[in-house]
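Subject: Structure handover

Hello,

Here is the structure I said I would pass on. My notes on it follow below.

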Amino acid sequence: MLTPEQIEELNRFDRLIQDWAKKFGLDCYPQEFDIIDSEKMAELMTSGNLPTTFNHWSYGRDFEAIKTAWRLNRANLPMEVVYNANPSRGYICGTDPFVVMLLVMAHVYGHNDFFKNNFWLLQGRKDMLGFMADAARRFKRYEDTYGVEAVEKTLTAALALQWNIEPFRLERHDFQEQIEAKILETRAKAKKDQKTLDLKKLRTDLEKQIPFEPDRDIIGFLKDVSPTLEDWQRDILAVVRERAHYLFPNFRTKTMNEGWAVYWHENIMDELIKAKLISNADRDIYMDTQSKVLADWMVAQNPYWLGREIWKHIIKKHGLKKAFDVRANYRDIEFVEEFLEDELIRQLKLYIYERYEDHIDGQDVYVYEIADKNPKRVRERIVDSLKKIPDAPVIRVTRSNFNKEGELLLLHDFNEEQEELDPEHLAKTLEHVYHLWGKPVWLQTREINLRSSSGFASILYGYDGIRHNKLLI
Amino acid sequence: MSVRQQDWKPERGEGDAKRHRDLVKEDVKRRAIDSIANTPIVGKSGKVKVRILGKKSYSFKHGQSDNGSGTGAGEGDVGDIVGASPMPGEGEDGAGDEPGEWELETEIEIAEIMDWLCEELGLPKLKKREGGQNTVSKTWKPSGVKKTGIPPHLKKKLTVIQAIRRQAGVVLGLKELLKKELRTEPTLEDKAYTWAWNESDFDTVKTIELLKKMVRGEVTPPADAQPVMLDNDDLRYKQFEEITEYSSNAVIFAIMDVSGSMDEEKKLIARSFFWWAFNFLRVTYENVQIVFIVHHTEARVTNEEEFFHTVESGGTYSYTGFRLAKNIIQTDYPPDKWNVYAMYFSDGEDYDVEETQKSVQELAPLCSALGYAEVGGGGELLDHLTPTMFMNATKLDDFVYYFAETDDQYFMGAEIMMREEIWPLIKAFFRNSEEVE
């Protein structure tokens with residue numbers, strides 16, 4: 001526990017840091033900090049990126065996994081967790097050295113500015129913490145009424161499909177509206193042709209044609225259309241979907257956001273050091289922490305370093321104003337495509353590595369070897385990896401009356417992705433879809449097949465509640 | 001003040017972790033038993049750290065087409081090696097390659113694990129069986145009459161009355177028949193009828209003939225002829241109710257071969273077994289003791305520390321261990337007051353198999369369960385014991401073991417190759433309880 005004097009000291013530094021942030025041009029929401037212990041930090045870090053959330057075993061699993069990783073020194077102890085909300089909430093680990101807490105506070109102001117100004121993040125709701133707290137309370141009530149297992153089963157299924165959304169588009173098609181429009185259209189045509197019309201049959205036929213366009217928002221589709229779900233289940237789907245829409249832009253701006261926060265905390269810390277507010281001993285701790293944060297040579301795992309380098313490059317080449325403009329309008333993919341230029345890739349000594357298995361000193365090891373240094377290909381690889389945060393293959397609902405039996409057909413857009421789906425995950429996830437749809441479900445995709453002339457074969461995976469099917473078509 | 005100190009506890013995280021543990025309970029159980037291997041047997045309790053594989057979360061995702069390839073930064077040219085990392089092997093520390101395949105440590109209360117054990121080993125059934133076996137007679141009280149028993153308990157008067165009741169009918173019947181034959185009232189004593197009936201092997205015609213002779217004075221019943229002849233059906237014995245008390249004493253004999261070939265890994269398996277057996281018995285009995293016996297060419301009692309760390313060279317005489325256990329039981333742990341469990345760990349090398357066979361036959365009747373685990377494979381003792389103890393092979397899941405069971409003894413033997421088999425071994429050792437209705 002920190003002493004009241006130490007808390008007072010942190011507040012004093014907080015005001016200084018805020019002043020510097022303002023001077024540098026950062027534009028922040030009000031910021032609040034809570035000092036907590038590492039156990040609580042572990043919980044926050046494994047709460048699906050939101051501190052107020054429903055209960056789910058996967059959070060418990062991750063909670064124990066992260067503590068294990070710390071204990072075995074496989075992961076660094078946490079430094080901060082911060083939430084994109086207004087006011088912004090940051091959490092600091094009370095067992096960190098004092099100067100690390102200062103670093104964290106400076107870092108959080110960088111995130112805060114990014115939350116408030118990035119166009120994509122502004123699309124998400126700012127009352128997400130309250131929204132989730134309410135949802136968690138409702139889910140508890142559902143558990144009391146329908147049983148822990150029933151709620152858990154629906155929630156696990158919903159989480160399995162959480163990234164099967166139409167990114168950056170929260171509103172749903174209104175199928176009823178579409179049906180009405182089509183009926184009007186048909187009626188007009190029938191009138192013109194002087195034909196009679198069975199309206200009831202027309203409506204039923206149209207309902208069976210849902211969705212009229214392939215629908216990537218699978219979780220939203222199930223929520224609206226599934227014939228089997230109870231209202232409380234639709235609520236669970238709606239919450240998970242809403243949460244995914246909030247998180248998705250955060251994930252897709254992680255490199256920019258972390259780099260931005262590192263860039264600004266470095267500047268703010270430099271000012272504090274220049275003003276002799278930080279002792280030499282503390283400065284050494286700061287430098288040491290800083291180098292650890294930036295040390296990981298695997299680029300995909302180090303958005304702090306990569307993001308910061310790209311920001312420095314932008315500021316040096318285009319000026320600070322351009323940087324503020326980029327932080328307001330870009331996402332990681334465009335950020336890397338546009339500003340991780342060939343010269344910067346060479347300057348940063350980026351490369352593509354391959355992994356091999358080897359046997360050294362009686363031990364099985366992975367060996368990493370530089371395979372390619374071509375800037376264009378390096379950039380493409382980085383962009384590819386950013387596209388997988390989170391990994392959300394393009395899969396769409398195409399038919400809701402497949403086999404004329406109300407079965408659900410999903411179609412994986414292999415042409416766009418040129419990448420196979422993981423078959424184990426596919427089969428298990430189909431079980432979840434089945435749970436939410438209540439009738440057999442199918443997914444069509446393609447797999448490499450050397451016997452086929454194109455090198456690929458179309459495969460139809462199915463699950464009917466008992467058996468899995470795999471058909472070559 | 002925008003910086004505040006909070007003393008929040010990770011309640012939701014703990015709750016979710018508990019739920020996750022419940023969902024992977026089978027895996028936790030199996031691994032709890034592996035990870036217990038280094039825990040001292042006596043005294044310690046509380047929590048056990050268990051490393052488990054987390055339950056997977058599924059979603060539609062792309063296959064692992066990159067084979068661990070990625071982008072890096074730093075000095076070097078194409079073809080240069082820039083790093084190496086240990087491959088996470090089976091049962092190894094490393095988290096799985098695939099995200100979502102988490103390996104994590106979780107803490108489990110020993111009490112919780114013991115609950116599972118009891119569930120798994122059918123503790124209620126065990127108690128029933130143990131209730132029969134472990135009761136100690138304190139005193140007896142007569143509680144009625146039964147038709148079988150031992151001579152000292154024969155209720156003579158009641159038996160005779162029973163016989164008279166039965167025979168009275170016979171005598172009456174014979175008198176009537178004889179009267180018809182003689183056309184006059186016979187003057188024979190009742191005991192004459194009984195004697196004749198008995199003498200004629202209960203054949204009515206023969207009896208009447210004999211009685212006629214007696215009337216004519218041709219035959220005279222001997223002077224000592226019993227007035228009442230006893231039939232088995234007449235016997236009545238005292239019935240006693242055993243005043244018994246539930247015995248809350250159990251002792252487990254940890255017997256181990258400590259000749260050089262019993263290496264650390266083998267001892268670890270033994271240690272793990274004894275830890276579980278000991279703690280399991282503690283759930284069942286109030287007072288549980290453990291006796292450590294090591295042997296090579298001769299046997300001696302040791303403490304726990306020594307038990308697991310003694311290495312002796314020279315020959316191996318398994319019977320010395322069994323004999324010493326037998327002697328200690330007879331002097332210190334009489335089976336009418338103690339529930340005796342004994343398990344012997346060895347690599348199966350034995351210089352006097354015949355003597356060992358005898359010693360096992362002597363020890364088994366003193367034990368509620370006697371077991372032999374041949375660690376590591378390649379030994380021969382189990383092969384020799386299987387026929388002498390009339391053991392049958394059976395299977396528990398995939399674990400093969402041998403057992404011989406009678407009303408008052410249970411002997412089991414198994415070959416155990418790896419730590420994963422400790423759990424099945426425990427189940428097999430305590431399984432006799434499940435066989436009894």
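**The interface between chains B and A**

Nine salt bridges cross the interface of chain B and chain A. The model is a predicted one, so please read everything here as computed from it. Counting pairs in which both residues are at pLDDT 80 or more, 42 residue pairs are in polar contact between chain B and chain A.

H1(B) gives the largest share, ten residues. By type, the residues on this side of chain B divide into 19 nonpolar, 25 polar and 22 charged.

The size of an interface is often given as the accessible area lost when the parts come together. Here chain B and chain A bury about 7000 Å² between them, and 53% of that is on carbon and sulfur atoms. B:Tyr58, B:Phe60 and B:His62 supply 14% of the area that chain B buries against chain A, more than any other three residues. The contact involves 92 residues from chain A and 66 residues from chain B.

Strands also pair across the two chains. Strand E5 (residues 363-372) of chain A is joined to E4(B) by five bridges, and the two run antiparallel. Within this pairing, B:Ser85 in E4(B) stands opposite A:Tyr366.

A:Lys40 is a residue to look at on the chain A side. A:Lys40 sits in helix H2 (residues 38-45) of chain A. Apart from its neighbours within four places in sequence, A:Lys40 is in contact with B:Trp8, B:Lys9 and B:Pro10. Its relative accessible area is 12%, which is under 20%, so A:Lys40 counts as buried.

**Salt bridges within chain A**

Over all chains, the structure holds 56 salt bridges. In one of them A:Lys116 pairs with A:Asp27, the closest N and O atoms being 3.0 Å apart. This pair links distant parts of the chain: A:Lys116 is in helix H4 (residues 98-117) of chain A, while A:Asp27 is in the loop between helix H1 (4-23) and strand E1 (31-36) of chain A, 89 residues apart. A:Lys116 is partly exposed at a relative accessible area of 28%, and A:Asp27 is partly exposed at 31%.

A:Arg327 and A:Asp113 form a further salt bridge through their side chains, at 2.6 Å from N to O. A:Arg327 belongs to helix H14 (residues 320-329) of chain A and A:Asp113 to helix H4 of chain A, 214 residues apart. Both A:Arg327 and A:Asp113 are buried.

The side chains of A:Arg137 and A:Asp134 also meet in a salt bridge, at 2.7 Å from N to O. These two residues are about one helical turn from each other, because A:Arg137 and A:Asp134 are three residues apart in helix H5 (residues 128-146) of chain A. A:Asp134 is partly exposed, with a relative accessible area of 38%. Elsewhere, A:Arg172, A:Asp215, A:Asp217, A:Lys223, A:Asp224 and A:Arg241 are joined into one network by salt bridges that share partners.

**A covered helix in chain B**

Helix H13 (residues 422-430) of chain B is mostly covered, with nine of its nine residues buried. Among them are B:Trp423, B:Lys427 and B:Phe430.

Regards

How values were computed:
Residues are numbered from 1 along each chain as its sequence is written. Chains are lettered from A and ligands numbered from 1 in the order in which they are written. This is a predicted model: local features need pLDDT of at least 70, side-chain atom pairs count only at pLDDT 80 or more; totals for chains, interfaces and linings use all residues. Side-chain values use heavy atoms; hydrogens and water are left out. Helices (H or I, at least four residues) and strands (E, at least two) are DSSP runs, numbered from the N terminus. Buried means under 20% relative accessible area, exposed over 50%, partly exposed in between (1.4 Å probe, protein chains only). Contact means heavy atoms within 4.5 Å. Buried area is the accessible area (1.4 Å probe) that two parts lose on being put together, summed over both. A salt bridge is a side-chain nitrogen of Lys or Arg within 4 Å of a carboxyl oxygen of Asp or Glu. A polar contact is a pair of N or O atoms within 3.5 Å; within protein, one must be able to donate a hydrogen and the other to accept it, and residues adjacent in sequence count only if both atoms are side-chain atoms. Ala, Val, Leu, Ile, Met, Phe, Trp, Tyr, Cys and Pro count as nonpolar, Asp, Glu, Lys and Arg as charged, and the others, Gly among them, as polar. Two strands pair if DSSP finds at least two bridges between them.
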